[in-house]
Amino acid sequence: MIDIPGFLRNSRIRTVDNTDNNSNNGNPEENNSDFEVNDILNFYTEKGSVADPQSMTFSISGEDHTLGNALRYIIIQNPEVEYCGYSIPHPSEDKLNIRIQTTENTTAIDAMRKGLEDLKSLCAKISETFYKANRDFDEKNDIS
Amino acid sequence: MKKSKRASTARDHLEVLQTRVVVERDNVSSISSSDFPFHTSNRYPNHDLAEKSRNKIIVAIEKKSQYDMEFDIIGIDASIANALRRIMIAEVPTMAIEKVFIYDNTSIVQDEVLAHRLGLIPIKADPDEFDFKQSTEHPTDQNTIVFKLKQECKRNPKTSVDEKGPLYINHNVYSIALIWEPKGDQAERFKDVTIGPVHDDILIAQMRPGQKIELEAHCEKGCGKEHAKWSPVATASYRLMPEIILKEEITGDLADKFASCFASGVVEVENKMVDGELKKVAKVVNSRLDTVSREVLRHKEFEGKVQLTRIRDHFIFRVESTGILDSEKIVFDSLQILSSKCTMLLKALDIKLKEKEETETSQNNENAMELDA
């Protein structure tokens with residue numbers, strides 16, 4: 001006979017009253033995810049080199065070419081960025097490295113932040129235009 | 001006059017290189033985008049292009065049914081298009097059978113093969129209603145859907161050997177045999193929707209009289225990058241819009257030959273008045289249908305008269321759903337996921353910076369204390 005793990009009934013029902021076990025914290029979910037978020041990203045200047053805020057390597061775990069190439073493209077659009085490239089050091093390591101070198105006018109961290117924000121607003125823009133096009137198509141073709 | 005014409009062709013040539021991928025007889029040229037600051041052939045040298053490129057995006061829906069759509073996104077880079085395609089395939093979550101508890105299986109399909117086949121059946125259930133189940137977590141009504149399958153094959157008593165008719169009862173096990181067993185509040189939560197296989201007629205196994213399958217299957221939420229069974233799409237792909245540039249008019253019998261070099265519907269031959277006489281003239285009417293077979297480049301008579309290109313920022317997407325999610329939802333989800341990756345990294349960046357600052361100030365304090373001592 002195979003041992004079947006018990007099915008816990010109603011253990012995590014999403015109702016209003018389950019907020020009471022998150023007593024002292026207004027937004028427990030965000031705090032939980034912060035804990036995980038902490039280890040996703042690292043950044044450092046190259047070992048042995050002079051500490052330089054203009055050139056840095058960012059190491060992101062759990063991401064691949066999907067984000068790497070898109071982010072590289074967006075960061076390179078910034079005229080203050082002199083160099084940006086990404087690599088996945090080893091296929092069996094779930095890790096993505098992004099190298100940024102900038103001019104004196106900004107820092108690598110700021111270039112990274114701007115890149116992420118630009119990519120976000122690009123997504124929002126595509127979403128918005130796609131939504132409109134989709135709605136117009138539905139109206140034109142009487143799809144409810 | 002002659003001079004200005006030459007200048008305009010030079011400009012045309014430059015524009016082709018900036019905006020088109022050129023398909024030649026045996027190679028492809030002008031492949032990479034030059035849309036970044038300080039590139040020599042960039043149209044806007046040293047501008048911040050992120051904002052510029054955002055404002056010229058066009059989306060057009062070409063064909064659409066609930067589970068299949070073709071649409072164009074114009075004005076984005078290949079890296080963004082590819083990110084969306086990759087997310088649609090590998091990172092938009094769905095529900096699929098992940099654990100199978102086999103009570104009885106006397107069919108010739110081995111347990112592991114049976115479990116694998118069950119996993120690949122698309123399960124119609126809204127993934128937004130469920131949580132990811134961590135390996136340490138127990139199955140709950142928030143992260144698991146349970147199906148039962150019980151089927152036994154018997155000889156059909158009404159049919160003797162010589163007579164025509166089905167010999168066996170329950171001899172094919174189809175996906176419709178998977179019976180959803182609502183747990184916890186699921187019966188209440190999903191009273192308006194049906195949870196079950198997308199298709200009822202997927203053949204899971206075949207049996208002979210006396211054989212029996214009895215099992216319990218647990219569906220979990222997952223992503224295509226872990227296993228393809230969670231992928232919400234049958235295909236998600238893009239191609240660049242083909243464009244056929246005619247450098248000079250192709251007339252007469254050549255026009256017919258020209259048209260026959262392309263897929264039907266791409267080039268049409270029109271009758272046109274040229275210098276007072278009626279002539280056949282080839283005209284490109286729908287380059288979207290072109291397969292870019294390069295057949296036209298094999299013929300000497302068209303040399304220099306035609307250029308095959310693809311528009312570098314015009315992506316024709318095709319998203320075909322497995323029937324779990326509407327295809328438009330898959331597109332929206334993929335954009336949402338790409339955006340949330342950025343949000344998460346921005347957050348991580350802030351946390352790291354704060355941490356660094358804190359360690360630096362504490363180090364400074366220590367140094368100051370040492371000096372005091």
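Chain A as a whole contains three helices and four strands, and from the N terminus on its elements follow the order α-β-β-α-β-β-α. Of the 144 residues in chain A, 26% are buried. Among contacts in chain A that link residues at least 6 apart in sequence, 47% join residues at least 24 apart. An unreviewed UniProt entry places the feature "domain: DNA-directed RNA polymerase RBP11-like dimerisation" at residues 56-128 of chain A.

Buried positions in α3(A) comprise A108(A), A111(A), M112(A), G115(A), L116(A), D118(A), L119(A), L122(A), C123(A), K125(A), I126(A) and F130(A). As a general point, an α-helix has 3.6 residues a turn, so residues three or four places apart point the same way. Just after α3(A), D142(A) adopts a positive phi of about 55 degrees.

The largest nonpolar core of the model has 79 residues, and those with the most contacts inside it are I100(A), M88(B), A217(B) and C219(B). Helix α3 (residues 108-140) of chain A gives the most to this core, contributing nine residues. When neighbours within four places in sequence are left aside, A217(B) is in contact with I97(B), V100(B), L118(B), F147(B), L149(B) and L178(B). A second, separate core has 10 residues, among them F262(B), V267(B), V269(B) and V281(B).

The contact between the two chains takes 48 residues from chain B and 48 residues from chain A. On the side of chain B that touches chain A, the elements giving two or more residues are α2 (49-54), β3 (58-65), α3 (78-90) and α7 (327-372) of chain B. The largest share of that side, 17 residues, comes from α7(B). By residue type, the side of chain B that touches chain A divides into 26 nonpolar, 10 polar and 12 charged residues.

Elsewhere in chain B, S260(B) lies in helix α6 (residues 253-260) of that chain. Because S260(B) has 12 C-beta neighbours inside 10 Å, and a residue with 12 or fewer is classed as exposed, S260(B) counts as exposed. The C-alpha atoms of S260(B) and T194(B) are separated by 51 Å, the two residues being 66 residues apart along the chain.

With regard to confidence, chain B averages a pLDDT of 90, and 93% of the residues score at least 70. The model scores ipTM 0.88 and pTM 0.86. Where pLDDT is low, the predicted coordinates should not be read in detail.

Terms used:
Residues are numbered from 1 along each chain as its sequence is written. Chains are lettered from A and ligands numbered from 1 in the order in which they are written. This is a predicted model: local features need pLDDT of at least 70, side-chain atom pairs count only at pLDDT 80 or more; totals for chains, interfaces and linings use all residues. A nonpolar core is a set of buried Ala, Val, Leu, Ile, Met, Phe, Trp, Tyr and Cys residues joined through C-beta atoms within 7 Å. A residue is buried if 20 or more other C-beta atoms lie within 10 Å of its own, exposed if 12 or fewer, and partly exposed in between; C-beta atoms are placed from the backbone. Two residues are in contact if their C-beta atoms, placed from the backbone, lie within 7 Å. UniProt positions are given in the numbering used here, feature names are shortened, and annotations may be inferred rather than shown by experiment. Ala, Val, Leu, Ile, Met, Phe, Trp, Tyr, Cys and Pro count as nonpolar, Asp, Glu, Lys and Arg as charged, and the others, Gly among them, as polar. pLDDT is the predictor's confidence in each residue, from 0 to 100.
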